[in-house]
Structures are given as C-alpha cells and as structure tokens.
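Q: I would like to learn how to read a few features of a structure. Could we go through them one at a time?
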Amino acid sequence: QRRRSPFEYLLRSIIFQQLSGTAAGTIHGRFLALFPMQRPTPQRVLRLQPQKFRNTGVSGNKERAIRDLARHARDGLVPGFAALARMSDEDIIETLTAIHGIGRWTVEMLLIFRLGRPDVLPATDYGVQKGFALAKGLAELPKPKELLAAGECWAPHRTVAAWYLWRTA
C-alpha cells in the first residue's frame, strides 16, 4: 500500500466512519477514481460538484466533513508527517479535531497506526473497552474516564496495552 499523506489518511477515515469495511472500501474506491492517479488533492476535492460526491456514495454530512478537511489542508492547517512527528500527541489531537468530522478516536488511530506513538489509549474504542471488561471480569463496559484512570499504570506504553485489549476482545 502506498503511503498516504495525512490529508488522504483523514479523508479515508471520514469515508470509512460508521460503515462496514466492504461498503466503505467500495465508496472510497469510487471517490479516488474521480482523481488523476487516484490521488485527491485539497484543491481538486474543493472543485468537485456535490453530485460527484453523491454518485460515489458519499453522504451529505461526509461531503461537508471532507470539504472542511480539504479547506484546512489547502490553508496549511493539516500538518504533513514530518511536522506531525515533531508535535505532541495532544497538540496533534487539538489541531486535527478542529476539522468537522474528525474526532479524537480518528486522530488516536492516526497516532497509533501511522505515527507509531507508544502511549495512546483510545478509551472510547469499543474493542478496547470490551477487552478491558473481559480481562477484568466486568459485567459492563468501562466508561472512558474509568478506562483512562485504570490505564495510567500502563504509561508510557498504553498503545501496547490497547493492542492486547483489542486481541482480548
């Protein structure tokens, strides 16, 4: 798989939100097909007519999020990987969640899977919550605040803990 820019990674994340992997993959593929060499740029995305989004299966709300992402990227507000590598996790979260449709969980996945950050515990992730409940024998899923508090003892390796919790689930 070719290395996507943070813009492309976040665009893909928006399309994949709340969809099955198969459906999201189909829509993402159709969307990429709108661009030369399947490489969307912020400028090209912003020039797309709304009907082009609809024809690929992108919803109106996701179109709004993708356009906001494209505006942020066009204006230099989506750092590249080199700049992200120099930023703290919280600064990255603050910068990217300012974009409509990009939440903390999405940025945490970028931190873990694209930036290789070692100390990220995505406490709102169902798999992490489920794994924790199973490991601790809890009848209910923990609240994110409870999970974060319990995870303090795993610092500075909370990402590894998240991987184990996903595997447990």
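Q: Does E8 count as buried or exposed, and why?
A: This is a predicted model. Buried means under 20% relative accessible area. E8 has 5% relative accessibility, so E8 counts as buried.

Q: How many of the residues of α1 are buried?
A: Nine of its 11 residues are buried, so α1 is mostly covered. Among them are F7, E8, Y9 and L10. The cover over the buried residues of α1 includes α2 (21-32), α3 (42-47), α5, α6 (81-85), α7 and α8. Just after α1, Q18 has a positive phi of about 60 degrees.

Q: Which side chain meets that of E8 in a salt bridge?
A: Side chains of opposite charge can pair when their charged atoms come close. Here the partner of E8 is R39, with 2.8 Å from N to O. This pair joins distant parts of the chain: E8 is in helix α1, R39 is in the loop between α2 and α3, and 31 residues separate them. R39 counts as partly exposed because its relative accessibility is 32%.

Q: How many salt bridges does the whole structure have?
A: A search finds 10. In one of them, R54 pairs with E63, and their closest N and O atoms are 2.6 Å apart. E63 is buried, with a relative accessible area of 7%, while R54 counts as partly exposed at 37%. R54, E63 and R67 are linked in a network of salt bridges.

Q: What separates E108 and R104 along helix α8?
A: E108 and R104 are four residues apart in helix α8, which means a separation of about one helical turn. They form a salt bridge, with the closest N and O atoms 3.0 Å apart. E108 counts as buried at 4% relative accessibility, and R104 as partly exposed at 41%.

Q: How much space lies in the largest pocket?
A: Rolling a probe the size of a water molecule over the atoms shows where empty space is left. In this model the largest pocket holds about 400 Å³. Its lining has 19 residues, and S13, F16, Q17, W105 and T106 lie nearest the centre. α1 gives the most to this lining, with five residues. By type, the lining of the largest pocket has seven nonpolar, eight polar and four charged residues.

Q: Which residues line the second largest pocket?
A: The volume of the second largest pocket is about 170 Å³. Its lining includes R104 and E108, along with D89, E90 and R158. The lining of this second pocket divides into five nonpolar, no polar and seven charged residues. α7 (89-96) and α8 each supply at least two of its residues.

Technical notes. Residues numbered from 1 in each chain as written. Predicted model: local features only at pLDDT ≥ 70, side-chain atom pairs only at ≥ 80, totals over all residues. Heavy atoms only, no water. 1 Å grid on protein atoms, 1.4 Å probe; cavity = no way out; pocket = protein on both sides within 12 Å on 5 of 7 lines; lining within 4 Å. Points joined across faces, edges and corners; volume = space filled by probe spheres on them. Nonpolar A, V, L, I, M, F, W, Y, C, P; charged D, E, K, R; others polar. Buried < 20%, exposed > 50% of the residue type's maximum accessible area, 1.4 Å probe, protein only. Contact = heavy atoms within 4.5 Å. Salt bridge = Lys/Arg side-chain N within 4 Å of Asp/Glu carboxyl O.
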